[in-house]
Amino acid sequence: KTIRLVPHIPFVIAWLRHKDPRAAELFNGPAKHVDDDEVQSVYRNLLDALDTYGDLSTAQLRSICMDYEPPVWARAIHSLFMGSEPRIVPMKVAEGLFNAFKKVRDPSNGSEVATKLSGELDKLRLISLEALGELCALIRDTSSDMRTTAQKIGPYIFLNDENVQVDFVVASKLMQSMVEHADIVFGKPATRSNYDPLGVRRSDYLEEQQFNFDNESQFSGRSMNRRVRPQQEKKEMATALADAGFM
């Protein structure tokens, strides 16, 4: 089921940018100390929302994001790249990327890197390509040590238990190169911007959205256990119609 959450990775990454100017460092620091139960809570919350509404507005996503601290979201994204089924970057594509990257003569040349990797990257589903591009851009823009961060995260993105020893160094260098040249390799998902990634809003906007979401749609991490039962809902509706003179 977690593969259903992949399309929302770009929004969560935007949320992390919004909350923390050094968001990429969460992956190799605070996120490591997040309990697995918290990550599962994130997954259940989002999946419940998708099951209930079919699709989510940005206000709903903002509300859910506010229910958890940034390190929890970083760990959740990290876990999705490692363990979603099918994988965000399937092993066959990862192996193809390794072979293509080994043919790059000058890793500092973004155009050569992009050209060599494009054939394999284009085998990814669009949502996977966007998620990977957004992650690379996040590391590029919000890490104090871009290369080290990329090298540490790379093996988790591209490897599994079977090939971790064989291709560890290649995966680290591949991720570093993709991060350094993210805008050339991925195009739009890695575009640089000086603006708030979620758009400029009033300072009190988020608090209003949280209030409206909790009261109108009755779904968030804090309101999950107080949904109105169908019979009670019908009774309240009948009362409201009667008070308005319709019954």
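Author: Let's start with Tyr 68, which is buried: its relative accessible area is 14%, and the cut-off for buried is under 20%. Keep in mind that this is a predicted model. The partner of Tyr 68 is Trp 73, and together they form an aromatic pair. Trp 73 is buried too, with a relative accessible area of 2%. The two rings sit 5.6 Å apart, centre to centre, with 90° between their planes. Planes over 60 degrees apart count as edge-to-face, so that's the label for Tyr 68 and Trp 73.

The structure holds 2 aromatic pairs, so let's turn to Phe 98 and Phe 158. Here the ring centres are 6.2 Å apart and the planes stand at 80°, so this pair is edge-to-face as well. Phe 98 and Phe 158 are both buried.

Where do these two come from along the chain? Phe 98 belongs to helix H5, which covers residues 91-102, while Phe 158 belongs to helix H8, covering residues 146-158. Because of that, the pair ties together parts that lie 60 residues apart in sequence.

Now for the surroundings. The chain has 12 helices and 0 strands. It runs to 247 residues, and 48% of them are buried. Of the contacts between residues at least 6 apart in sequence, 75% join residues at least 24 apart.

Technical notes. Residues numbered from 1 in each chain as written. Predicted model: local features only at pLDDT ≥ 70, side-chain atom pairs only at ≥ 80, totals over all residues. Heavy atoms only, no water. Phe/Tyr/Trp six-rings, centres within 6.5 Å; stacked < 30°, edge-to-face > 60°. Buried < 20%, exposed > 50% of the residue type's maximum accessible area, 1.4 Å probe, protein only. Helix = DSSP H or I, 4+ residues; strand = E, 2+ residues; numbered from the N terminus. Contact = heavy atoms within 4.5 Å.
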